[in-house]
Amino acid sequence: MLNWVNHLGNVAWERARMRTPEETAGGPRYVPALGYHFLTPLYDTVIALMTRESTWRKALIKQIAADQRDVVVDVGCGTGTLAVMLKRTSPYTTVYGIDPDPGVLGLAEIKARDKGVLVHFMQGYGAEVAERAASLRVTKVVSSLVLHQVPLDGKREILANMHAALKPGGEIHIADYGLQRSALMRLLFRQIQNLDGYRATQANAEGIVPVLMEEIGFDGVRENRVIATPTGSISLYSGRKAA
Ligand SMILES: C[S@@+](CC[C@H](N)C(=O)[O-])C[C@H]1O[C@@H](n2cnc3c(N)ncnc32)[C@H](O)[C@@H]1O
(Lines give C-alpha, C1' and ligand atoms only; values in the text may rest on other atoms or scores of the structure.)
Protein backbone atom coordinates (compact mmCIF):
# COMPACT_ATOMS: atom_id res chain seq x y z
CA MET A 1 0.00 0.00 0.00
CA LEU A 2 2.75 2.40 1.06
CA ASN A 3 4.73 1.57 -2.09
CA TRP A 4 1.68 2.32 -4.19
CA VAL A 5 1.15 5.67 -2.43
CA ASN A 6 4.82 6.36 -2.94
CA HIS A 7 4.62 5.47 -6.63
CA LEU A 8 1.63 7.78 -7.11
CA GLY A 9 3.57 10.53 -5.37
CA ASN A 10 6.53 10.06 -7.71
CA VAL A 11 4.34 10.10 -10.79
CA ALA A 12 2.55 13.19 -9.54
CA TRP A 13 5.85 14.89 -8.87
CA GLU A 14 7.30 14.09 -12.28
CA ARG A 15 4.15 14.95 -14.27
CA ALA A 16 2.28 17.60 -12.37
CA ARG A 17 4.98 19.75 -10.81
CA MET A 18 4.20 23.30 -11.86
CA ARG A 19 6.99 24.89 -13.86
CA THR A 20 8.13 28.45 -14.13
CA PRO A 21 8.06 29.97 -17.62
CA GLU A 22 11.87 29.70 -17.78
CA GLU A 23 11.68 25.97 -16.98
CA THR A 24 9.04 25.40 -19.63
CA ALA A 25 11.36 27.12 -22.09
CA GLY A 26 14.04 24.55 -21.21
CA GLY A 27 15.88 26.89 -18.87
CA PRO A 28 17.13 26.27 -15.33
CA ARG A 29 15.28 23.83 -13.07
CA TYR A 30 14.82 23.53 -9.36
CA VAL A 31 12.26 22.01 -7.03
CA PRO A 32 10.23 24.87 -5.50
CA ALA A 33 10.31 25.28 -1.71
CA LEU A 34 7.22 23.12 -1.13
CA GLY A 35 7.46 21.00 -4.28
CA TYR A 36 5.04 23.12 -6.35
CA HIS A 37 5.07 26.85 -7.04
CA PHE A 38 1.40 27.27 -6.12
CA LEU A 39 2.18 25.99 -2.59
CA THR A 40 4.96 28.52 -1.93
CA PRO A 41 2.70 30.97 -0.01
CA LEU A 42 1.98 28.12 2.48
CA TYR A 43 5.67 27.26 2.94
CA ASP A 44 6.32 29.02 6.26
CA THR A 45 3.14 27.63 7.85
CA VAL A 46 3.81 24.06 6.71
CA ILE A 47 7.43 24.14 7.86
CA ALA A 48 6.37 25.47 11.26
CA LEU A 49 3.77 22.71 11.67
CA MET A 50 5.64 19.77 10.13
CA THR A 51 9.31 20.12 11.09
CA ARG A 52 9.55 21.30 14.74
CA GLU A 53 11.01 24.36 13.10
CA SER A 54 11.86 26.45 16.13
CA THR A 55 13.83 23.53 17.67
CA TRP A 56 16.10 22.87 14.71
CA ARG A 57 16.45 26.48 13.59
CA LYS A 58 17.47 27.63 17.08
CA ALA A 59 19.93 24.73 17.33
CA LEU A 60 21.36 25.64 13.92
CA ILE A 61 21.74 29.34 14.84
CA LYS A 62 23.53 28.27 18.04
CA GLN A 63 25.79 25.94 16.06
CA ILE A 64 26.65 28.69 13.53
CA ALA A 65 27.59 31.00 16.44
CA ALA A 66 27.99 34.01 14.16
CA ASP A 67 29.77 37.12 15.41
CA GLN A 68 30.54 40.59 14.06
CA ARG A 69 33.52 39.37 12.00
CA ASP A 70 31.47 36.82 10.11
CA VAL A 71 30.25 37.03 6.55
CA VAL A 72 27.61 34.31 6.14
CA VAL A 73 25.96 33.01 2.96
CA ASP A 74 22.70 31.06 3.27
CA VAL A 75 22.46 28.80 0.20
CA GLY A 76 18.90 28.04 -0.93
CA CYS A 77 17.64 30.64 1.55
CA GLY A 78 14.00 30.21 0.50
CA THR A 79 11.67 32.63 2.29
CA GLY A 80 14.62 33.93 4.31
CA THR A 81 13.64 32.65 7.77
CA LEU A 82 17.13 31.45 8.73
CA ALA A 83 18.95 34.45 7.24
CA VAL A 84 16.64 36.86 9.05
CA MET A 85 16.96 34.94 12.36
CA LEU A 86 20.73 34.99 11.98
CA LYS A 87 20.82 38.73 11.41
CA ARG A 88 18.51 39.40 14.35
CA THR A 89 20.62 37.18 16.63
CA SER A 90 23.90 38.72 15.51
CA PRO A 91 23.18 42.21 14.13
CA TYR A 92 26.80 42.97 13.13
CA THR A 93 27.18 39.83 11.03
CA THR A 94 26.94 40.39 7.27
CA VAL A 95 24.32 38.00 5.90
CA TYR A 96 23.66 37.01 2.29
CA GLY A 97 20.90 34.71 1.03
CA ILE A 98 20.90 33.08 -2.40
CA ASP A 99 18.09 31.13 -4.06
CA PRO A 100 17.12 30.43 -7.70
CA ASP A 101 13.40 31.07 -7.13
CA PRO A 102 12.35 34.72 -7.48
CA GLY A 103 9.03 33.90 -5.77
CA VAL A 104 10.61 32.90 -2.45
CA LEU A 105 13.11 35.74 -2.66
CA GLY A 106 10.21 38.20 -2.84
CA LEU A 107 8.80 36.72 0.40
CA ALA A 108 12.28 36.82 1.97
CA GLU A 109 12.67 40.53 1.15
CA ILE A 110 9.31 41.28 2.79
CA LYS A 111 10.25 39.23 5.87
CA ALA A 112 13.56 41.06 6.31
CA ARG A 113 11.87 44.43 5.86
CA ASP A 114 9.11 43.57 8.36
CA LYS A 115 11.72 42.50 10.93
CA GLY A 116 13.78 45.63 10.26
CA VAL A 117 17.01 43.82 9.28
CA LEU A 118 19.31 44.11 6.29
CA VAL A 119 19.95 40.82 4.52
CA HIS A 120 21.44 40.84 1.02
CA PHE A 121 19.31 38.50 -1.10
CA MET A 122 20.40 37.43 -4.57
CA GLN A 123 18.99 35.13 -7.21
CA GLY A 124 21.17 32.16 -8.12
CA TYR A 125 21.82 28.45 -7.78
CA GLY A 126 23.99 26.76 -5.18
CA ALA A 127 26.30 25.81 -8.03
CA GLU A 128 26.96 29.51 -8.63
CA VAL A 129 27.83 30.41 -5.05
CA ALA A 130 31.62 30.34 -5.44
CA GLU A 131 31.45 32.73 -8.39
CA ARG A 132 28.85 35.03 -6.82
CA ALA A 133 30.65 35.16 -3.46
CA ALA A 134 34.19 35.44 -4.85
CA SER A 135 34.77 38.96 -3.48
CA LEU A 136 32.79 38.59 -0.24
CA ARG A 137 35.41 36.97 2.06
CA VAL A 138 32.87 34.43 3.31
CA THR A 139 33.64 32.93 6.74
CA LYS A 140 30.57 30.68 7.07
CA VAL A 141 28.28 28.99 4.58
CA VAL A 142 24.95 27.60 5.76
CA SER A 143 22.08 25.73 4.18
CA SER A 144 18.82 24.33 5.49
CA LEU A 145 16.38 21.88 3.89
CA VAL A 146 17.93 22.27 0.43
CA LEU A 147 20.18 19.27 -0.30
CA HIS A 148 17.42 16.67 0.18
CA GLN A 149 15.60 18.22 -2.83
CA VAL A 150 18.59 18.13 -5.15
CA PRO A 151 19.81 15.12 -7.22
CA LEU A 152 23.11 13.53 -6.19
CA ASP A 153 25.29 15.41 -8.70
CA GLY A 154 23.63 18.66 -7.65
CA LYS A 155 24.31 17.96 -3.95
CA ARG A 156 27.97 17.40 -4.80
CA GLU A 157 28.11 20.55 -6.92
CA ILE A 158 26.47 22.73 -4.25
CA LEU A 159 28.77 21.43 -1.49
CA ALA A 160 31.84 21.92 -3.71
CA ASN A 161 30.73 25.49 -4.38
CA MET A 162 30.16 26.12 -0.68
CA HIS A 163 33.70 24.86 -0.04
CA ALA A 164 35.14 27.05 -2.82
CA ALA A 165 33.22 30.11 -1.59
CA LEU A 166 34.79 29.91 1.89
CA LYS A 167 37.94 31.61 3.14
CA PRO A 168 40.53 29.14 4.47
CA GLY A 169 39.44 28.11 7.98
CA GLY A 170 35.80 28.92 7.18
CA GLU A 171 32.91 26.76 8.34
CA ILE A 172 29.96 24.96 6.82
CA HIS A 173 26.71 24.40 8.75
CA ILE A 174 23.86 22.34 7.37
CA ALA A 175 20.44 21.33 8.65
CA ASP A 176 18.59 18.81 6.51
CA TYR A 177 16.86 15.47 6.52
CA GLY A 178 19.69 13.01 7.09
CA LEU A 179 20.09 9.33 7.86
CA GLN A 180 16.64 8.03 8.88
CA ARG A 181 17.59 5.63 11.63
CA SER A 182 14.29 4.01 12.59
CA ALA A 183 11.33 2.46 10.76
CA LEU A 184 9.11 5.25 12.11
CA MET A 185 11.40 8.02 10.82
CA ARG A 186 11.70 6.28 7.43
CA LEU A 187 7.90 6.05 7.26
CA LEU A 188 7.39 9.70 8.20
CA PHE A 189 10.05 10.77 5.70
CA ARG A 190 7.91 9.26 2.89
CA GLN A 191 5.81 12.45 3.12
CA ILE A 192 8.84 14.48 2.02
CA GLN A 193 9.72 11.90 -0.61
CA ASN A 194 6.23 12.13 -2.08
CA LEU A 195 6.52 15.91 -2.26
CA ASP A 196 10.12 16.28 -3.44
CA GLY A 197 10.65 13.05 -5.39
CA TYR A 198 12.22 9.74 -4.36
CA ARG A 199 15.63 9.74 -6.03
CA ALA A 200 17.07 12.96 -4.59
CA THR A 201 15.60 12.43 -1.13
CA GLN A 202 16.59 8.78 -0.70
CA ALA A 203 20.32 9.56 -0.78
CA ASN A 204 19.82 11.89 2.20
CA ALA A 205 17.81 9.22 4.03
CA GLU A 206 20.75 6.84 3.55
CA GLY A 207 23.15 9.33 5.12
CA ILE A 208 24.96 10.72 2.06
CA VAL A 209 25.42 14.32 3.23
CA PRO A 210 28.40 13.91 5.62
CA VAL A 211 29.98 11.45 3.18
CA LEU A 212 29.83 14.07 0.42
CA MET A 213 31.12 16.79 2.77
CA GLU A 214 34.22 14.71 3.48
CA GLU A 215 34.62 13.71 -0.17
CA ILE A 216 34.63 17.39 -1.16
CA GLY A 217 37.39 18.16 1.33
CA PHE A 218 35.76 19.52 4.48
CA ASP A 219 37.68 18.67 7.66
CA GLY A 220 36.15 17.67 10.99
CA VAL A 221 32.78 16.74 9.52
CA ARG A 222 30.33 16.02 12.33
CA GLU A 223 26.68 15.25 12.82
CA ASN A 224 25.99 17.37 15.89
CA ARG A 225 22.27 16.76 16.45
CA VAL A 226 19.52 14.50 15.18
CA ILE A 227 16.06 15.96 15.74
CA ALA A 228 13.01 13.75 15.28
CA THR A 229 10.17 15.58 13.50
CA PRO A 230 6.73 14.63 12.14
CA THR A 231 8.33 14.38 8.65
CA GLY A 232 11.49 12.42 9.51
CA SER A 233 14.66 13.30 11.39
CA ILE A 234 16.61 16.46 10.64
CA SER A 235 20.37 16.33 11.19
CA LEU A 236 22.68 19.23 11.92
CA TYR A 237 26.12 18.88 10.32
CA SER A 238 29.24 21.00 10.48
CA GLY A 239 32.70 20.99 8.93
CA ARG A 240 35.64 23.29 8.21
CA LYS A 241 37.75 24.26 5.24
CA ALA A 242 41.43 23.71 5.95
CA ALA A 243 43.20 26.91 7.10
C1 LIG B 1 12.65 23.44 1.24
S2 LIG B 1 13.22 25.01 0.72
C3 LIG B 1 14.27 25.52 2.08
C4 LIG B 1 14.32 27.01 2.21
C5 LIG B 1 15.11 27.55 3.39
N6 LIG B 1 16.50 27.21 3.32
C7 LIG B 1 14.54 27.10 4.70
O8 LIG B 1 15.28 26.64 5.56
O9 LIG B 1 13.32 27.28 4.90
C10 LIG B 1 14.44 24.61 -0.48
C11 LIG B 1 14.94 25.83 -1.22
O12 LIG B 1 16.05 25.43 -2.03
C13 LIG B 1 15.98 26.14 -3.24
N14 LIG B 1 16.74 25.36 -4.23
C15 LIG B 1 16.33 24.32 -4.98
N16 LIG B 1 17.33 23.90 -5.78
C17 LIG B 1 18.39 24.69 -5.50
C18 LIG B 1 19.71 24.76 -6.00
N19 LIG B 1 20.14 23.92 -6.94
N20 LIG B 1 20.54 25.70 -5.50
C21 LIG B 1 20.11 26.55 -4.53
N22 LIG B 1 18.86 26.53 -4.03
C23 LIG B 1 18.02 25.62 -4.52
C24 LIG B 1 14.51 26.25 -3.56
O25 LIG B 1 14.23 27.32 -4.43
C26 LIG B 1 13.93 26.46 -2.16
O27 LIG B 1 13.77 27.83 -1.86
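**Note on the predicted model: sheet, core, ligand shell and selected residues**

1. Seven bridges join strand β5 (residues 166–177) to β7, and the two strands run antiparallel; within this pairing, Y177 stands opposite I234 of β7. The model is a predicted one, and the points that follow should be read with that in mind.

2. On the β6 side, strand β6 (residues 219–229) pairs with β7 over eight bridges, again in the antiparallel sense, and A228 has S233 in β7 as its bridge partner. The two strands form a hairpin, with two residues between them. Strand β7 itself (residues 232–240) is mostly covered, since eight of its nine residues are buried.

3. These strands belong to an open sheet of seven strands with mixed pairing, in the order β3-β2-β1-β4-β5-β7-β6. Because β3 (120–123) and β6 stand at the edges and each has a single partner strand, one side of each is left without a neighbour in the sheet. Neighbouring strands of this sheet are turned by 15° against each other on average, with direction ignored.

4. An example of parallel pairing is found between β1 and strand β2 (residues 94–99), which are joined over five bridges; here the bridge partner of D74 is G97 in β2. Helix α4 packs on the sheet, where it touches β4 (138–144), β5, β6 and β7, and its direction makes about 10° with that of β7. Helix α8, for its part, lies across β1, β4 and β5, and runs at about 145° to β5.

5. The largest nonpolar core has 53 residues, and those with the most contacts inside it are V73, V75, L86, V141, M162 and A165. Of these, M162 touches V75, V129, V141 and I172, residues up to four places away in sequence not being counted. As general background, nonpolar side chains tend to be buried together in soluble globular proteins.

6. Which residues are closest to the ligand? The ligand is surrounded by 24 residues, the closest being Y30, G76, G78, G126 and S144. By class, this shell has 15 nonpolar, seven polar and two charged residues. Helices α5 (81–89) and α8 (152–165) each supply at least two residues of the shell, and α8 is also the helix that lies across β1, β4 and β5.

7. V104, in helix α6 (residues 102–115), counts as buried because 24 other C-beta atoms lie within 10 Å, where 20 or more are required. When residues up to four places away in sequence are left out, V104 touches A33, T40, G78, T79 and D99, and G78 is itself one of the residues closest to the ligand. The C-alpha atoms of V104 and Q123 are separated by 9.9 Å, the two residues being 19 residues apart along the chain.

8. Two residues other than glycine deserve a check of their backbone, R52 with phi near 50° and A65 with phi near 45°, both values being positive. R52 is placed in the loop between α3 (43–50) and α4 (53–64), whereas A65 lies in the loop between α4 and β1 (71–75). Is each of them buried, partly exposed or exposed? R52 is partly exposed, because it has 16 other C-beta atoms within 10 Å, while A65 is exposed, because it has 12, and 12 or fewer is the limit for that class.

Notes:
Residues numbered from 1 in each chain as written. Predicted model: local features only at pLDDT ≥ 70, side-chain atom pairs only at ≥ 80, totals over all residues. Helix = DSSP H or I, 4+ residues; strand = E, 2+ residues; numbered from the N terminus. Contact = placed C-beta atoms within 7 Å. Core = buried A, V, L, I, M, F, W, Y, C linked by C-beta atoms within 7 Å. Near = placed C-beta within 6 Å. Nonpolar A, V, L, I, M, F, W, Y, C, P; charged D, E, K, R; others polar. Pairing = 2+ DSSP bridges. Axes fitted to C-alpha atoms, helices over the stretch in contact; angles between N-to-C directions.
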